[in-house]
Amino acid sequence: MSFQSPVEPDPQAASDTPPAPATPTASDEPRSLRIEDWLTVIVMAALALITFANVIVRYFTSSSFAWTEEISVFLMIVLALIAGSAAVARDRHIRIEFFSESGSANRRRKLAQLGAVLVAVLFTLIAVLSIRTLWDDYRFEETSPGIGVPVWWYTMWLPILSIAIALRAIGLFIRRSRQSDVEYLTDPTESGDAPAGGQQP
């Protein structure tokens, strides 16, 4: 009977193996993102309840609530902006992967910073322009066509949520600026995996 000694792991081979990409977990998320998550749940629940109530009323009475369409459109716009804020903070917006996930780690991180700056500039501009619209709606006392409430009740949320998205983009830019190239590639919020073979700039 012969006994074989266990095979010792090769330290050189272990060092050549690229680290597995990090996977996002709940603990990696900033606590402030729970605001967007809870608002998303609340708005979606309100949309579901309004739509369900309208369907029930229409089924039993052959009529519908006149105010549901106006409120539903408003809630869908709010939902899109809240989800956009969360997507910016998590760096999950739509991008062209050919550009964002190719090249060196330094190039990818710089592109992520550029994207965050552009998002911040865009939504800051939207916030400024929407404040002017909000003032006009308030000054001329415009009312909504469906239920006759002041239009500025709806308009006021556009600059608020646009500023929130711009602040999330600025936070993302700062976070990317503080990271090294290796930290960027292993960041759970980074959408792509590390380049094969551990490509370095």
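Start your tour at helix H7, which gives the nonpolar patch its largest share, 5 residues. Helices here are DSSP runs of H or I with at least four residues, strands are E runs of at least two, and both are numbered from the N terminus. Before you go on, note that this is a predicted model, in which local features need pLDDT of at least 70, side-chain atom pairs count only at pLDDT 80 or more, and totals for chains, interfaces and linings use all residues. Residues are numbered from 1 along each chain as its sequence is written, and side-chain values use heavy atoms, with hydrogens and water left out.

**Stop 1: the surface patch**

Select Val117, Val121, Ile163, Leu167, Ile170, Phe173 and Ile174: together they make a nonpolar surface patch with about 570 Å² of accessible area. Patch members have over 30% relative accessible area and no salt bridge; nonpolar side chains (Val, Leu, Ile, Met, Phe, Trp, Tyr) are joined within 5 Å, like charges within 9 Å. Areas come from the Shrake-Rupley method with a 1.4 Å probe, and for residues only the protein chains shown count as cover. H5 and H7 each bring at least two residues to the patch. Now click on Val117, which sits in helix H5. Is Val117 buried, exposed or partly exposed? Its relative accessibility is 35%, so Val117 counts as partly exposed; buried means under 20% relative accessible area, exposed over 50%, and partly exposed in between (1.4 Å probe, protein chains only).

**Stop 2: zoom out**

Show the whole chain as a cartoon: there are 8 helices and 0 strands. Of its 201 residues, 31% are buried. The chain exposes about 13500 Å², with 68% of that supplied by carbon and sulfur atoms. Counting contacts (heavy atoms within 4.5 Å) between residues at least 6 apart in sequence, 72% join residues at least 24 apart.

**Stop 3: the core**

In soluble globular proteins, nonpolar side chains tend to be buried together. Look for the largest nonpolar core, which has 19 residues; Val43, Leu75 and Val78 touch the most other members. Such a core is a set of buried Ala, Val, Leu, Ile, Met, Phe, Trp, Tyr and Cys residues joined through side-chain atoms within 4.5 Å. Helices H2 (33–61), H3 (67–89), H5 (105–139) and H7 (157–178) are the elements giving two or more residues to this core. Which helix gives the most? H3 does, with 8 residues. Centre the view on Leu75: apart from neighbours within four places in sequence, Leu75 is in contact with Val43, Ala46, Leu47 and Ile50.

**Stop 4: the salt bridges**

The whole structure holds 4 salt bridges, each a side-chain nitrogen of Lys or Arg within 4 Å of a carboxyl oxygen of Asp or Glu.

- Arg168 and Glu36 meet at 2.9 Å, N to O. Arg168 is in H7 and Glu36 in H2, so the pair ties together parts 132 residues apart in sequence. Arg168 is buried at 19% relative accessible area, and Glu36 is buried at 7%.
- Asp37 pairs with Arg90, their closest N and O atoms being 2.9 Å apart. Asp37 lies in H2 and Arg90 in the loop between H3 and helix H4 (97–100), so parts 53 residues apart in sequence are tied together. Asp37 is partly exposed, at 32% relative accessibility.
- Arg176 bridges to Asp91, again with the closest N and O atoms 2.9 Å apart. Arg176 is in H7 and Asp91 in the loop between H3 and H4, so this pair ties together parts 85 residues apart in sequence. Arg176 and Asp91 are both buried.
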